[in-house]
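I opened this entry to keep track of what I looked up, one item at a time.

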Amino acid sequence: MALVPGAARGADEATVLSAKPDAVGVTIYRAPDRAADTAMNLGWLEGYALITETRTVDIPAGGATIRFEGVAGGILPESALVTGLPAGVREKNLDADLLSARNLYARAYGRPVILRRHRGKDGKGTVSEERAVIRSAADGAAIVQTRQGFEVANCGRGITDTLAYTEMPDGLSAKPTLSVRTESTSAKRATITLSYLAWGFDWQTNYVVQLNPETGKAAMTAWVTLASSDPTSFVDAGAAVVGGKLDREDAREDRERPEGDLVLHCYLGGHAQTVLIQQAMPAPAPPISEMEAPLADIIVTARRADEKAMAAPVKVTEEGLGDLKLYRVPMPTTVAAHAQKQVAMHDLKGVKFTTWHTADLYDDLETRAQIKLRTRNRREDGLGIPLPGGPVAVFEPQGENMLVVGQGGMRDYAVNEDVEVTLGLSPQVAVAVVKKGTGSGWRDEEAKVTNANPWPITFEGSLRIADGEKIERPSSRLPAKFGRPTWTVRVPANAEARLTYRVRTPTN
């Protein structure tokens, strides 16, 4: 199976164009190396999607090349699977570079262009045009040859040059295109299914928790955020995301994106300037490998068409997928190019959360306590559902307004697991550990927690001691938690709590 663009084909073969799919499905998998509680990097999406397209194609008798336009720009052609062709696929090729300012200039080397020169500033002055030939690569100075000889474009005081192209250089495509070669004993219309993997996608769950300190319960809303940095938009797609980590190895995982913008410098004047490239044909959105601008924030809440349910947002539905979970958007949605979208996942009321302040306790410690939210993923606590990991924003009421009190992340949690969300350091709860005395093979220490809040808090301190050391004479019980002695105490408002203990050090 050949993957080299421009493979030779018989002179009698026809070319059939499939401009767009009849229907498309997009299933997005989370970036394998991104932790579930870490937000997506919108400038570099490392997840991937399984794209499934249905197309209707009129196949002629004999050999033919079918061009599937509008596939994902980040398609992995080696993963493409085409079914429904009468005799299968003999060869498949991914068309060459997409149309862009840089690729236009690079492919036009040695070809004639139009040099448009503007003398003057602020739209005033004169404009002239003349034929020129590009004589330099797409890095450094833009050297062109005119009837007057060789010169550097955009390199004179008060002069602004642009280049206009009169034709499309060979090897450039305005749309990502996958070509396949096939043959048929007779002309027929076929319904073809094209499936492939594409990189440059990702998804995450975003949680919004509204705490009620008086009741200890919260309203928790979860949104599925889909993101695409691909140049292709998939309109009215059947969209879904897969929860859990799916291992996948990609031989091109460490590939670098080539620079897409064209920046040419005027070395003669010592000041870098940009040459504006004007194309004679309309340019599409830049491909993923050339996208430098941040993704647009497009938040869409889909709503049902019937009036009775107009007030309720459409929610994803959960399905099993082996040991993974699949969350499907129950209505067609557009996965737009260079954009992100949010669809409701859960809208839960009465979730039982408790707020804890925690810290690791060790010699000479002076720090602020971590704020953590804890609950149990059980139905009786208001949950009892799989919780895909993602960023968490926590709000509390302040008068008539809801204010942010912390932001953190949550890993993937299964049903019946204990859930913990770390929200950052508390400015109101200080923790310190000081030595009170030392001797041969022992040291006495005191841990102190100071609560400056006008309400009581629950503090949990995990004592960190070296291998072989033991805790003796603690002033409070220290049951083991995760293998470490743990001090749990209720600290009143504007008060402090203390723990004293002796650390016994083993002697040789």
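**Salt bridges**

I started with accessibility: Arg374 and Glu460 are both buried, where buried means under 20% relative accessible area, exposed means over 50%, and partly exposed is in between (1.4 Å probe, protein chains only). Before going on, I noted that this is a predicted model, in which local features need pLDDT of at least 70 and side-chain atom pairs count only at pLDDT 80 or more, while totals for chains, interfaces and linings use all residues. Residues are numbered from 1 along each chain as its sequence is written, and side-chain values use heavy atoms, with hydrogens and water left out.

Next I checked what Arg374 and Glu460 do together. They form a salt bridge, with 2.9 Å between the closest N and O atoms; the term stands for a side-chain nitrogen of Lys or Arg within 4 Å of a carboxyl oxygen of Asp or Glu. Arg374 is in strand E23 (residues 366-376) and Glu460 in strand E28, so this pair links distant parts of the chain, 86 residues apart. For the labels, helices (H or I, at least four residues) and strands (E, at least two) are DSSP runs, numbered from the N terminus.

How many salt bridges does the structure hold? My list has 25.

I picked Asp360 and Arg464 from that list, whose side chains meet at 3.7 Å, N to O. Asp360 belongs to strand E22 (residues 354-361) and Arg464 to the loop between strand E28 (457-463) and strand E29 (470-472), so the bridge ties together parts 104 residues apart in sequence. Asp360 is partly exposed at 33% relative accessibility, and Arg464 is partly exposed too, at 43%.

I then turned to Arg498 and Glu446, a salt bridge at 2.9 Å, N to O. Because Arg498 sits in strand E32 (residues 495-504) and Glu446 in strand E27, this pair ties together parts 52 residues apart in sequence. Is Glu446 buried or exposed? Glu446 is buried, since its relative accessible area is 13%, whereas Arg498 counts as partly exposed at 41%.

**Backbone angles**

I looked at phi next. Most residues other than glycine have a negative phi, and most peptide bonds are trans.

Asp236 is not a glycine, yet has a positive phi of about 50°. I located Asp236 in strand E15 (residues 234-243), and its relative accessible area of 53% makes it exposed.

Asn416 is in the loop between strand E25 (401-410) and E26, and it is exposed, at 55%.

**Two more stops**

Where is Ser440? I found Ser440 in the loop between strand E26 (418-439) and strand E27 (442-451). Ser440 counts as exposed because its relative accessibility is 69%. From Ser440 to Thr505 I noted 8.6 Å, C-alpha to C-alpha, across 65 residues of sequence.

My last stop was Thr221 in strand E14 (residues 217-228). Thr221 is buried, with a relative accessible area of 17%. Leaving out residues up to four places away in sequence, I listed its contacts (heavy atoms within 4.5 Å): Thr221 touches Asn206, Tyr207, Val208, His346 and Asp347.
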